[in-house]
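Here's a quick tour of a two-chain model, written for someone who likes the cut-offs spelled out. Have a look at the structure first, then read on.

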Amino acid sequence: MSAGERPLLEIVDVRKVYRLPRPRPFAPHPVRVALHGVSLSVIPGRSFGIVGESGSGKTTLARIALALDRPDSGVVRLEGASLFDLPRRELRALRAHMQLIFQDPYGSLDPRMRVERIVAEPLAALGGVSRAERRDRVAQSLQAVGLRAADAAKYPHEFSGGQRQRIAIARALITRPKLVVADEPVSALDVSVQAQALNLMSDLVREAGVTFLLISHDLGVVAHICETTAVMYRGRIVEIGPTDAVFAAPAHPYTRELVDATPRLDLAARTAAPADRAPAAHARAGGCPYAPRCATAEPRCLAEAPTLTDIAGEGRRAACHFPLGLDRKARR
Amino acid sequence: MLIEVKDLVVDLPSSEGAVRIVDGATFGLAEGESLGVVGESGSGKTMTALALMGLAPAGARIGGSIRFEGRELVGLSEEAMRGLRGDRIAMIFQEPMTALNPLRRVGAQVAEPLVLHRGMSRKAALDEAVRLLEHVRLADPERAARAYPFGLSGGERQRAMIAMAIGCGPRLVIADEPTTALDVTVQARILALLEGLRAESGMALILVSHDLAVVAGHCDQVLVMYGGLIMESGPVDVVLGEPRNPYTRALLEARPTPGAPRGVRLKTIPGSPPHHREVGPGCPFAGRCEMTADVCRTTRPPPAAFGAGHVSRCWRAEDLEPRR
């Protein structure tokens, strides 16, 4: 990330704690820390990927980025405007610049609404759009995702899964947003249909100036769309950097584990069976949260939590006392 | 051969008459071998697995032949099938949260087939269940046995399901999307566990998956299904290395390749997989296939052999250029 470019989205030291239900009456609420001070910035035109397992906090982060949820502390800025300090009205106007694509193209479209109404919904945030303009924008949006303007009169059930995901994307595009947050956008689609959605997303990056904040467990999907990727583990970013470098030569052992666990088609590089080890120890408060699972943990890792620090240049950072492969340069 | 399936047909009743879900599946599997069944939604892969287990839905009509350990399973009484199921053949389902009984302790559920098929006492079966839970490498088997399914993580539940499936030492285990709901790192461990169990017990494994890459890493043989038909089958390396069917080829090329330049166009397959009642008299992939010819629309392609055990159904297989 070169200096001087104004970030589209800036997340600074965001913390989020969820209160869980009390185990018994009058007991204190147990808490679960979903985000432990996460910072990142998304540069316009450079899509950003977030990978990590369930419970890593990636969806919580997405919700906060869209102001759907408030952090306990920290700052979120969209084009310099701090989302949680804005009056409600201005926040509403700002919301038009960011949209969300959900995972499930079946559950996220109201079956009783016609496509026109579904796609036009986000326009309400802009206010003052005439009926004629509304119809034009729906038609443009549908055409942008490869559907026909006439499809606006149909209902969702008349479309296949891949087409429904296009409708969801058309809805996200109608306000001409700068930032589109996509949470597992293709994982509910059949393989033969996924490619259509991924091609559409790359076209939007190139032609419509959309920047994606893409959340996925599928490293291949993230690598296909995103220039920069953050790897999250238990509410922290453990590694961040240019996607190709991060996946080709992971610095954090957790990233290495993710890359190795990803099933591959090329027979030469079949998934190595991971060592099936029981956790060596419980994570200690103050230690590295990954240490109990880590193949290369040392005593220091249990005692002292590493912070995200620069490694190997090229804008790469990792939170590890003993980053992998520092002697080698990232190849390719 | 441990299991030999010939011309398996599954018809399900619907308001518009019977619908053919599986059309003429033929394959076999030897002791200790693993077979991947790959397909998209509506391909018939799950119904094929259910038919082998005698678990096809009520009203289904099963045709053809399934010979397991020399015994014909098609037409076998439900009572005789129940004697085999959980004992000689076992199944692992996609979502253990729905396949396990939420109101019974995990240990009791793992013990149940042992009581049923091995005539063990409850006490002995429970002890054996703890041993099985340890065998599938649950970190604290005693605790897992006492827990209810909701008290375990997704990966732990799937391990408990596997413990339940292998309890009686089945010769064939059928796993239907066993890792689809799990994180990749957990998926890799569960698949490695299944592979280890297969190696040590000599059981055969049928792995049903939508993910070609999962099958590539863990199976000897593969069936690629589409619209109820086995489009291509054979040794994994051959089918994925030199596919003789445009559908297999399209599946391989539709996925983003690691290391490819960002945003490079992926090969798309127009349209989406057909519903069962949309499959006409021709090839089910006709229309979506870039090589579609007239004959593809009118006549089912017959299976044709391309070297040892490699079979493809495609009228234009000879015109398919080798992959680079």
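In chain B, 62% of the contacts between residues at least 6 apart in sequence join residues at least 24 apart; a contact here means two C-beta atoms, placed from the backbone, within 7 Å. Keep in mind that this is a predicted model: local features need pLDDT of at least 70, side-chain atom pairs count only at pLDDT 80 or more, and totals for chains, interfaces and linings use all residues. Residues are numbered from 1 along each chain as its sequence is written, while chains are lettered from A and ligands numbered from 1 in the order in which they are written.

Staying with chain B, you'll find 12 helices and 12 strands, taken as DSSP runs (H or I, at least four residues, for helices; E, at least two, for strands) numbered from the N terminus. Its radius of gyration is 21 Å, close to the 20 Å from the globule rule for 324 residues, so chain B is as compact as a globular protein of that length. That radius is taken over C-alpha atoms, and the rule is 2.2 Å times the number of residues to the power 0.38.

| Property of chain B | Value |
|---|---|
| Span of the C-alpha trace along principal axes | about 65 × 50 × 40 Å |
| Buried share of the 324 residues | 49% |

Buried means 20 or more other C-beta atoms within 10 Å of a residue's own, exposed means 12 or fewer, and partly exposed is in between, with C-beta atoms placed from the backbone.

M291(B) sits in the loop between α11 (246-254) and α12 (294-298) of chain B. It counts as partly exposed because it has 15 C-beta neighbours inside 10 Å. Leaving out residues up to four places away in sequence, M291(B) touches P246(B), R316(B) and D319(B). P246(B) is 45 residues away along the chain, yet the two C-alpha atoms are separated by 7.7 Å.

Now for where the chains meet. The contact takes 39 residues from chain A and 39 residues from chain B. On the chain A side, α5 (161-173), α6 (191-207), α7 (219-225) and α9 (253-261) each supply at least two residues, and α6(A) gives the largest share, 11 residues.

How far can you trust chain A? Its mean pLDDT is 85, with 91% of residues at 70 or more; pLDDT is the predictor's confidence in each residue, from 0 to 100. Over residues 327-332 of chain A, though, pLDDT stays under 50.
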